[in-house]
Amino acid sequence: MTSIALFRKDLASELRTRYAINSLLMFIIVTISVILFSIGNEKISDYLSGGLFWVVVFFTAMSGLARAFVSEEERGTSLLLQLIASPATVFSGKLIFNLVLVFSMNVVIANLYTALFDAFVIKNLLLFSTAFLFGSIGIAISSTVIAAIIAKAGSKGTLYPVLSFPILLPLILILIELTKMSMDGTAFEEGYIEVAVLICYDVIMISASYLLFDFIWKD
Amino acid sequence: MESLVSFLSSNAIYIVLIIVLIVWVGVFGYLFMLDKRLKNIESEMKGENK
Amino acid sequence: MIWKILLFLIIAFVSVAGIAFPIVEKPEFWYQFPLIPGLEENAKIIFFHVPTSWLTVIAFLMSTIYSIKYLRRKDLIDDAKAHTAAQLGMIFCILATVTGAVWAKFAWGSFWSWDPRQTSIFALLLIYGALFALRSAVEQEEKRATLASVYSIIAFVTVPFFIFIMPRIMKGLHPGSADDTHSGPVVDFKMNSNMLLIFYLSLIGFTILYYWMWQVGYKSMIYKDKLNKQF
């Protein structure tokens, strides 16, 4: 069984029930409307709206991404998966699925956000899309490996954001910094170090989780 | 005695110093006691195994 | 036995020296510290705050090393060692946070101002908290040890971002930050030799203290497990 086949299987079962997609969409709408209600008629600063964007992304990711492994444990199919696929295959298949999910989720959030918030104006689109791309990849990687830990820990739902937040914190801080920069319209060269740190984070996280996934998966 | 009190009230840092030293003696004594007890348990358990 | 007495004397001496030795503009005697502009009397915290934050990182490193060992050999003793190191790390992390916050009140004007260093120590606190939350969530011993080991390794690879990269790319107030002009890298050249000597003595003393506490901690944990299995 290859990772692409696993991804297809996940996608097919997801499209049949639409559990994750629906809950993610509803969660996005709920969070954004809560923010809009609490702002009311007040003007918020540009930087604050940039930071709130990543808050929405983080909490939406926390609400839906644990499904990848928890659903396998719930349906009792993880043993079967252990038999027919190697841990590396399982990990990469789940990772591709989460990547697609995070990426489409973030695109939806970004579009809704630009439509609803006047203060959220990106001047340097190239810098923002680079940050967006590598940020989404980082969120997908970290949340996949934490989801695997959560699933083995007896799928405690509240534990997921608790475990993910410290891991994602450096990523989110750099992303907020980069969003501020792209809202100011700084040149791409000036944000070079931050982008490099972002790519570093992605590479380190993917290699660490790839190596450690074996131990989580087969116990 | 009188001079010591007036000296301490004008140099409050020495009161801090005395308190820190007392706390350190307490922490050290506690750790020391724990270590001793642990060694006793260790020797007892080794004796049982024989 | 000798090193315990030595440890007692080192920390007692560091406390006396660190608190009571005066800071003067031109140090003449061996017991006088130089004045560091921008820090003044506040500089004395270096003897107590830096060792605790140093131990926070060392404890995390040790916890990770024993986690790797556990994953290799599946020996529960290694897990007990990693767990004790994390517990001690949590204690020292809280101490470093509190001493830093109290110091910041007098040096910067507020207890907490989200300086990069404060952000990183806060993240470390969160990591330790998450590690204990994960441990308490799993019942089975081997599973708990495996999951906690994996999580502490994953958390450890993010630590360099906090400790080394963040304070350098973000602007900060902490002495030793990237844009700090007047109190610079304090350790390098602003301290004179006696201050450096006491600083290193303090580091050594606290490290020995940590090692001793760690030994007592993990041994008691192992014996407790053994006794539980016997009866």
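Hi everyone, this is a short walk through a predicted model with chains A, B and C.

Some housekeeping comes first. Residues are numbered from 1 along each chain as its sequence is written, and chains are lettered from A, with ligands numbered from 1, in the order in which they are written. Since this is a predicted model, local features need pLDDT of at least 70 and side-chain atom pairs count only at pLDDT 80 or more, while totals for chains, interfaces and linings use all residues.

On to confidence. The model scores ipTM 0.89 and pTM 0.87. For chain C, the mean pLDDT (the predictor's confidence in each residue, from 0 to 100) is 83, and 85% of the residues reach 70 or more. There is a stretch to keep an eye on: over residues 178-188 of chain C, pLDDT stays under 50. That stretch still has 19 contacts beyond four places in sequence in the model. A contact here means that the C-beta atoms of two residues, placed from the backbone, lie within 7 Å.

Now, how do the chains meet? Two pairs of chains are in contact, and chains A and C share the most contacts. Chain A puts 26 residues against 24 residues of chain C. Helix 7 (125-152), helix 8 (159-184) and helix 9 of chain A each supply at least two residues of that side, and helix 9 gives the most, with ten. A word on terms: helices are DSSP runs of H or I with at least four residues, strands are runs of E with at least two, and both are numbered from the N terminus. By class, the side of chain A that touches chain C has 20 nonpolar, two polar and four charged residues.

The chain B side divides into 14 nonpolar, no polar and one charged. Chains A and B, on the other hand, have no contact joining them, and their closest C-alpha atoms lie 32 Å apart.

Let's look inside chain A. How do helix 6 and helix 9 of chain A cross? The axes of helix 6 (residues 87-116) and helix 9 (residues 192-217) come within 9 Å and cross at roughly 110°. Those axes are lines fitted to C-alpha atoms, for helices over the stretch in contact, with angles from 0 to 180 degrees between N-to-C directions. The two helices of chain A are therefore roughly perpendicular, a label for angles of 65 to 115 degrees; under 35 is roughly parallel, over 145 roughly antiparallel, and the rest oblique. From helix 6, A:Pro87, A:Val90 and A:Phe91 meet A:Tyr210, A:Phe213, A:Asp214 and A:Trp217 of helix 9. Those residues divide into six nonpolar, no polar and one charged.

Next, helix 4 of chain A, residues 67-75. Here A:Arg67, A:Ala68, A:Phe69, A:Val70, A:Ser71 and A:Glu72 are buried. A residue is buried if 20 or more other C-beta atoms, placed from the backbone, lie within 10 Å of its own, exposed if 12 or fewer, and partly exposed in between. The cover over these buried residues includes helix 2, helix 3 (46-64), helix 5 (78-84), helix 6 and helix 7 of chain A. Within helix 7 sits A:Ala151, which touches A:Phe69, A:Val70, A:Glu72 and A:Glu73, not counting residues up to four places away in sequence. A:Ala151 counts as buried because it has 23 C-beta neighbours inside 10 Å. Just after helix 4, A:Gly76 takes a positive phi of about 70°.

Positive phi also turns up at residues other than glycine. A:Arg18 has phi near 55° and lies in the loop between helix 1 (3-17) and helix 2 (19-39) of chain A. Is A:Arg18 buried or exposed? With 10 C-beta neighbours inside 10 Å, A:Arg18 counts as exposed. In chain C, C:Lys74 has a positive phi of about 55°, in the loop between helix 2 (46-73) and helix 3 (76-107). C:Lys74 is partly exposed, with 14 other C-beta atoms within 10 Å.

To finish, chain C as a whole: its secondary structure comes to seven helices and two strands, running α-β-β-α-α-α-α-α-α from the N terminus on. Of its 231 residues, 38% count as buried. Thanks, everyone!

How values were computed
Ala, Val, Leu, Ile, Met, Phe, Trp, Tyr, Cys and Pro count as nonpolar, Asp, Glu, Lys and Arg as charged, and the others, Gly among them, as polar.
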